[in-house]
Amino acid sequence: MVPKSIAELDRIKRECFSIVNKRASASGLAAAVPVPGADIAADVAIMMELLSTINKKFGLSQDQIDGLDPETKKMLLVIVTSIGSDIVGKLITKQLVAQLLKKVGARVAVKGVAKFIPIVGQLAAAGISFGAMKMLGNSHIEECYQVCKRFIEEKEETLVHQ
C-alpha cells in the first residue's frame with residue numbers, strides 16, 4: 001500500500017537506505033572473490049531482490065499497483081511516467097537489471113580487471129561494486145520517494161478542493 005503520510009514515507013525511506021547499505025556490502029564482498037563472473041551473477045541477483053524490495057516497501061510493485069482502484073492506479077502511473085522512472089511499478093527482470101548495470105558499465109569493467117591484482121585490486125573491486133550498488137539502490141529510493149510524495153500531495157490537494 002502506498003504510504004499515506006510524509007512521516008510514514010520518511011520512515012520507509014530510512015528503512016530502504018539501511019537495506020541498500022546491507023545489499024551493497026554483500027555486493028562488495030562478492031566482488032572481492034577472484035572468481036571470473038561470480039560477482040556479476042551476484043550483483044544481478046542482489047539488484048533484482050533489492051529493487052523489488054524497495055518497490056514493495058513503498059507500495060509500488062507491479063502487483064501492488066495492479067491491485068489498486070483504476071483512478072489511483074492511473075494517478076500513480078502518470079506520476080511514475082512524469083518522473084521518467086524505468087523501474088518504479090515494473091516487474092524487475094534480469095534484462096532490466098542488466099540495463100541498469102550498463103549505466104555503471106565503466107565501473108563494472110574496471111572492477112572486473114582490478115580484482116585480479118592481488119589484495120589492492122580485490123579491495124578496489126569491492127569498493128567499486130559497493131559504490132555502484134549503493135548508487136543504483138539510493139537512486140531508486142529517491143525515485144520511489146518522489147512518486148509517493150507527489151501522490152500524497154495530489155491526494156491532499158484533491159481532498160481540499162472537494
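Predicted model: local features only at pLDDT ≥ 70, side-chain atom pairs only at ≥ 80, totals over all residues.
Residues are numbered from 1 along each chain as its sequence is written, and side-chain values use heavy atoms, with hydrogens and water left out.

The chain holds seven helices and zero strands; helices (H or I, at least four residues) and strands (E, at least two) are DSSP runs, numbered from the N terminus. Of its 162 residues, 39% count as buried, where buried means under 20% relative accessible area, exposed over 50%, and partly exposed in between (1.4 Å probe, protein chains only). Among contacts (heavy atoms within 4.5 Å) with a separation of 6 or more, 81% come from residues 24 or more positions apart.

In soluble globular proteins, nonpolar side chains tend to be buried together. Here the largest nonpolar core has 35 residues. Such a core is a set of buried Ala, Val, Leu, Ile, Met, Phe, Trp, Tyr and Cys residues joined through side-chain atoms within 4.5 Å. Ile54, Phe58 and Leu60 have the most contacts inside this core. Two or more residues each come from helix 1 (6-32), helix 2 (38-57), helix 4, helix 5 (94-103) and helix 7 (120-160), and helix 7 gives the most, with nine residues. Not counting residues up to four places away in sequence, Ile54 touches Cys16, Val20, Gly137, His140, Ile141 and Cys144.

Thr72, Met75, Leu76, Ile79 and Val80 are buried. They lie on the same side of helix 4 because they cover an arc of only 135 degrees around the axis, taken from the directions from the helix axis to the C-beta atoms. On the other side of helix 4, Pro70, Glu71, Lys74, Val78 and Thr81 are exposed.

Just after helix 4, Gly84 takes a positive phi of about 80 degrees. Ser85 lies in the loop between helix 4 and helix 5. With a relative accessible area of 7%, Ser85 is buried. Its side chain makes a polar contact with the side chain of Glu143 (2.9 Å); a polar contact is a pair of N or O atoms within 3.5 Å, and within protein one must be able to donate a hydrogen and the other to accept it, while residues adjacent in sequence count only if both atoms are side-chain atoms. Leaving aside neighbours within four places in sequence, Ser85 is in contact with Val80, Lys90 and Glu143.
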